Amino acid sequence: FHSDDAGATKKVTDRIMQAWSDGLLDSFSILANGDSVGLVKLYLEQYPEKEARIAAHLNLCEGESLAFEGKKSLVSDQNGLLTARFGSLILDWLCFSRKRRKELLDHIEAEWRAQIELIVKRIYPRKIQALDGHMHMHMLPFLFPLAARLAHEYDIPEIRVTNEVFHISQDPRDSLSLSFLVNIIKYIVLKLCSLPTVKHLRKYKIGSTETVVGVLYSGRMTAASALQGIKTAHKKSMGRI
């Protein structure tokens, strides 16, 4: 089992790393520009012999930019805070000229490289074993090839493909909300985004996760919805969750 956002805040990081140290998680991703990345390092040093599948959680939408500290870019404001969003990136890509698109990709590459390299230093001598994306933005068809290339370059063997198996929570209250309907739209969009990922994974000989749990009940996840997602994935004989 895997959890995102280690390093985001002290509270989140303590919970994730305690779950890992207790054997409830075997995998977690690190938000490189989070407030408590140093706390992740302390936990790893405390349990040097304990295995961990560590992923870099590529971020474009919140916190301070690592590549454009205090500077404005196509992914950060004048204070160097990351500002990109899934929808805004799609609009930018559709409206930008070819030259502007290249500049956008250059800025994103610079930011993601800075995040990967910070995590490499923080977890040494352990290695990054996967890439995934905060808010799933690495799944955008014009960004996934970049993520795959960076994984190849940094010898990272796996990228998350957000391909959630459809499931309905056993608690009806989890599905009776406007947010669930919005999340169904997200689910469909990410399903479509997952289709062209195969060729890039093959090109660089990179593996991927078979499913995730979290999109359909994003923002309203309960134990009932999470357990149903896990149960459904196991029924379909899917692998890492």
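# Exercises on side-chain contacts and burial

In this structure, the side chains of Glu 158 and Arg 53 meet in a salt bridge with an N to O distance of 2.4 Å. The model is a predicted one, in which local features need pLDDT of at least 70 and side-chain atom pairs count only at pLDDT 80 or more, while totals for chains, interfaces and linings use all residues. Residues are numbered from 1 along each chain as its sequence is written, and side-chain values use heavy atoms, with hydrogens and water left out.

## Exercise 1

**Task.** Work out which parts of the chain the pair of Glu 158 and Arg 53 ties together, and state whether these two residues are buried or exposed.

**Solution.** Begin with the rule: a salt bridge is a side-chain nitrogen of Lys or Arg within 4 Å of a carboxyl oxygen of Asp or Glu. By this rule the structure has 11 salt bridges. Glu 158 belongs to strand 5 (residues 158-159) and Arg 53 to strand 3, so the pair ties together parts that are 105 residues apart in sequence. Finally, consider accessibility, where buried means under 20% relative accessible area, exposed over 50% and partly exposed in between (1.4 Å probe, protein chains only). Both Glu 158 and Arg 53 are buried.

## Exercise 2

**Task.** Describe the salt bridge of Arg 100 and Glu 103, and identify the ring over which the charged end of Arg 100 sits.

**Solution.** The side chains of Arg 100 and Glu 103 meet at 3.1 Å, N to O. Both residues lie in helix 4 (residues 98-123), where they are 3 residues apart, about one turn of the helix. Arg 100 is partly exposed, with a relative accessible area of 34%, and Glu 103 is likewise partly exposed, at 30%. For the ring, apply the criterion that a charge sits over a ring if NZ of Lys or CZ of Arg is within 6 Å of the ring centre and within 35 degrees of the ring normal. The charged end of Arg 100 sits over the ring of Phe 96, 5.4 Å from its centre.

## Exercise 3

**Solution.** Glu 109 counts as buried at 15% relative accessibility, whereas Arg 149 counts as partly exposed at 31%.

## Exercise 4

**Task.** State how many aromatic pairs the structure holds, and characterise the pair of Trp 20 and Tyr 47 and that of Trp 93 and Phe 142.

**Solution.** Rings of Phe, Tyr and Trp (its six-membered ring) pair if their centres lie within 6.5 Å; planes under 30 degrees apart count as stacked, over 60 as edge-to-face and the rest as tilted. The structure holds 5 aromatic pairs. One of them joins Trp 20 and Tyr 47 edge-to-face, at 5.9 Å centre to centre and with 90 degrees between the planes. Trp 20 lies in helix 1 (residues 10-21) and Tyr 47 in the loop between helix 2 (37-46) and strand 3 (53-58), so the pair ties together parts that are 27 residues apart in sequence. Trp 20 is buried at 0% relative accessibility, while Tyr 47 is partly exposed at 29%.

The pair of Trp 93 and Phe 142 is stacked, at 4.3 Å centre to centre and with 0 degrees between the planes. Trp 93 is in helix 3 (residues 86-95) and Phe 142 in the loop between strand 4 (130-133) and helix 5 (144-153), so the pair ties together parts that are 49 residues apart in sequence. Trp 93 counts as buried at 18% relative accessibility, and Phe 142 counts as buried at 14%.

To complete the picture around Trp 20, note that ring pairs link Trp 20, Phe 28 and Tyr 47 into a cluster. Lys 50 lies over the face of Trp 20, at 5.9 Å from the ring centre.

Conventions: Helices (H or I, at least four residues) and strands (E, at least two) are DSSP runs, numbered from the N terminus.
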